[in-house]
Each structure stands twice: as C-alpha cells, then as structure tokens.
Amino acid sequence: MTVSCATSPNFSKRAIRVIDRDFTLPAGVTSWKTLLGFAIDPEPSPFFYPAQWEQGLSDVFTLVWMPLPLEARLRLIKTEEFTLSLGAAFLGQIQSRNRNFDWRPTMQVLGRWKTGRDWALELEALSVVEVTRDPFGNPGWLGLVRVSPWWQALDRLGVSAGIGAQVESGAIRSRYVGGLPGGSVGAESEQGLRRHLPLFFAMEAVPWDSWALRAEGWSYGLAEETRFLSASCFLSVIHTW
C-alpha cells in the first residue's frame, strides 16, 4: 500500500526492507525527514530539526539539503549481498548540529553485508573535524568505527543493536554520540585523547511504502573513568516519494 502525493517512476527501486535498502536514493526519488531528539549530555537537552531533504540525482549519488546542499552520499559498491557508500558533510550529521552551525567536516563510510534472508551486518567508519567559530574555542576531532547487526523481524520492521570504538581529542561539542544543543563538555573532558565504547540501537517501521518511522539511540562513556556520560534517543518521521 502506498500513501503519497506523486511518486517518482523510480520509487519502486527503493526497497521496503531495511536490510535490502541502499544508503543512496534511486534517481529522481526525494526524501523528507524530521527529527525529534532528547539527550542527557550530561544535562537533559531536547532537540527538534524540522526538515532534511534528500535528492537522488542518480542511482549512485544523493544530495542532502539541510537547508543548503552541504552533504552528499555516493554508492561505491552494490551486489545482492553487499552495499558500500561514502558520505561527506560540511556541517556534520543532522543529529550533531547545534544552533550555531559550527563547521565540522565529516567523512563516513557505510557498508551492509547480508548474511541471510533476514539478517545483515552494518559497518561504519566515521571521522569528524570540528572547527568552532568561537574565537575562544579549540578545534577537535573524532574517529569512530561501529558494528551493528540488523534483524528484519518483519518485512516492514527492522531492529538493530551494536557497539563501536571511538577516539576523540579537543573540544568536540558536536559529539557524534549525544551531540545535541544544550549539552556541555566540562573543561576536564576537552583535554588529551579520550576513548569510548558507544552502544547503539535502531528500529525502523514502514507502515506505508512512502512513510517510515525510525527510532535510534546511543550512549558512551564506558571505556574510561569519567564524569561525562552521554545518552541520546531520536525519533524520525521519513517521507519518500
């Protein structure tokens, strides 16, 4: 069943099942996403981002508007069992943007390997350099690798849980995990090299072909003795046509 105004002729190329789906959109297909989040970072911090637009300019290249076209994804490999993409963003990922829109060039490699009809293994490598426009702020960087198994519990419901390894240095206020407005990193957390073992979860339901609900969250602060613990949860509504 499809509920939509007018879908692209290539809309049928986009898989309903999460583990069968590419990280890029088919040519001519558009997606709109709104995000509501809550973080304890270490103080409670609600977050709402009204719109992120994605355009499939070709079957292998997707441009992301947020609201300027400063993010893109390129599919590198696609087989029946494996897909690999490369992503780049100038302001960071949607959940890591704060209200001052600091510059945080981001590179991301995403891969998904289907190990069975209803199982897949998702792999991610991420690097972020944050350059704050605050003249008193210090630049920082982080690197992350993540492994998350996906289970396609139903044709329209997928669930995932995983673990990562992250290193960071300097002032990383965007923090890929728990980077929401209002969260503050104490001065003691900005010094030296820090190591974390973030935990991830995600669930996506597709009630209609062109509409999806996605819940995801993560937390970190397990790999070292620190007073700083970040935990975040997000709910997204995604419309694709």
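The legends below describe close-up views of a predicted model.

View 1. Ser-160 belongs to strand β9, which covers residues 157–170. Ser-160 counts as buried because its relative accessibility is 11%, and the cut-off for buried is under 20%. Its side chain reaches the backbone oxygen of Pro-149 at a distance of 2.9 Å. Beyond neighbours within four places in sequence, the residues in contact with Ser-160 are Ser-148, Pro-149, Trp-150, Phe-200, Phe-201 and Ala-202.

**View 2. Strand β7 and the strands paired with it.** Strand β7 spans residues 119–130. On one side, β7 runs antiparallel to strand β6 (residues 106–114), and nine bridges join the two. One of the bridge partners here is Trp-150 in β8, which pairs with Ala-120.

**View 3. The two faces of strand β7.** In a regular strand, side chains alternate between the two faces of the sheet. The covered face of β7 carries Ala-120, Glu-122, Glu-124, Leu-126, Val-128 and Glu-130. Trp-119, Leu-121, Leu-123, Ala-125, Ser-127 and Val-129 make up the uncovered face.

**View 4. The aromatic pair of Trp-53 and Trp-241.** Four aromatic pairs are found in the whole structure. One of them, Trp-53 with Trp-241, is edge-to-face, with 5.7 Å from centre to centre and 85° between the planes. Trp-53 lies in strand β2 (residues 44–56) and Trp-241 in the segment after β13 (230–240), so the pair ties together parts that are 188 residues apart in sequence.

**View 5. The aromatic pair of Trp-119 and Trp-151.** The ring planes of Trp-119 and Trp-151 lie at 20° and the centres are 5.9 Å apart, so this pair is stacked. The pair links Trp-119 in strand β7 with Trp-151 in strand β8, 32 residues apart. Trp-119 counts as partly exposed at 45% relative accessibility, as does Trp-151 at 39%.

**View 6. The ring cluster that includes Phe-200.** Phe-200, Trp-218 and Phe-234 are linked into a cluster by ring pairs. Arg-146 lies over the face of Phe-200, 5.5 Å from the ring centre. Phe-200 is also among the residues in contact with Ser-160.

Technical notes. Residues numbered from 1 in each chain as written. Predicted model: local features only at pLDDT ≥ 70, side-chain atom pairs only at ≥ 80, totals over all residues. Heavy atoms only, no water. Helix = DSSP H or I, 4+ residues; strand = E, 2+ residues; numbered from the N terminus. Buried < 20%, exposed > 50% of the residue type's maximum accessible area, 1.4 Å probe, protein only. Polar contact = N/O pair within 3.5 Å; in protein donor to acceptor, adjacent residues only side chain to side chain. Contact = heavy atoms within 4.5 Å. Pairing = 2+ DSSP bridges. Phe/Tyr/Trp six-rings, centres within 6.5 Å; stacked < 30°, edge-to-face > 60°. Lys NZ or Arg CZ within 6 Å of the ring centre and 35° of its normal.
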